[in-house]
Amino acid sequence: MIPRPFKIPLSVLVVIHTPALDVLLINRADAPGTWQSVTGSKDHEDESFEETAIREVHEETGIHVAIGTLADWNLENVYDIYPRYLHRYAPGVTRNREHVFGLCVPAGTPVTLNPREHTAFQWLTWRKAADTCFSPSNAEAILMLPEFSQ
């Protein structure tokens, strides 16, 4: 069996929301009860953050970004990688840089989860979504949604 390549510590966070600011949260398959927005690492160093966002949104939710409006919020978070995920990165890599996007989609947009990654989804008001997600950087991004959605 060929070993998986190490993850690249450059990722995206995509806050998917409706015009009414309802936010899509998805429940991680590897950590039940852990709700989050779409996240994912670059597949290769040359992949742009926008390409990563488009790919990850489709892989995790089945949503094609063309049905909505993808906005680069020009924000980045740098954080310590959770210890349970460190084995996915090269030895010595302990921090990740995350680029933030918003994706406004029509209300009622269908969601098709990748069952290997997520087990459930819910649409919540932006304040409730911020309170529900496990990641502090994800919660902060959701709290900025009213500012970025105008």
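Me: What covers the buried residues of α1?
Reply: In this predicted model, the cover over the buried residues of α1 includes the strands β1, β2 (22-28), β4, β5 (69-80), β6 and β7 (118-125).

Me: And which residues of α1 are buried?
Reply: Those are Phe49, Thr52, Ala53, Arg55, Glu56, Val57, Glu60 and Thr61.

Me: How far apart are the end C-alpha atoms of α1, and what span should its 13 residues have?
Reply: The end C-alpha atoms lie 18 Å apart, and because 13 residues at 1.5 Å a residue should span 18 Å, the two values agree. Just after the helix, Gly62 adopts a positive phi of about 75°.

Me: Switching to the largest pocket, how much space lies in it?
Reply: The largest pocket holds about 1,200 Å³ of space, and 39 residues line it, with Lys7, Gly40, Ser41, Arg88 and Glu117 lying nearest its centre.

Me: Which element gives the most to that lining?
Reply: That is α1, which supplies 4 residues of the lining, while the elements that each supply at least two residues include β1 (10-17), β4 (38-41), β6 (95-104) and α3 (136-143).

Me: How many of the lining residues are nonpolar, polar or charged?
Reply: By class, the lining of the largest pocket has 14 charged, 13 nonpolar and 12 polar residues.

Me: Another topic: where is Ser135, and why is it called buried?
Reply: Ser135 sits in the loop between α2 (126-132) and α3, and it counts as buried because its relative accessible area is 12%, under the 20% cut-off.

Me: What joins the side chains of Ser135 and Ser137?
Reply: The side chains of Ser135 and Ser137 are joined by a polar contact of 3.1 Å.

Methods:
Residues numbered from 1 in each chain as written. Predicted model: local features only at pLDDT ≥ 70, side-chain atom pairs only at ≥ 80, totals over all residues. Heavy atoms only, no water. 1 Å grid on protein atoms, 1.4 Å probe; cavity = no way out; pocket = protein on both sides within 12 Å on 5 of 7 lines; lining within 4 Å. Points joined across faces, edges and corners; volume = space filled by probe spheres on them. Nonpolar A, V, L, I, M, F, W, Y, C, P; charged D, E, K, R; others polar. Expected span 1.5 Å × (residues − 1). Buried < 20%, exposed > 50% of the residue type's maximum accessible area, 1.4 Å probe, protein only. Contact = heavy atoms within 4.5 Å. Polar contact = N/O pair within 3.5 Å; in protein donor to acceptor, adjacent residues only side chain to side chain.
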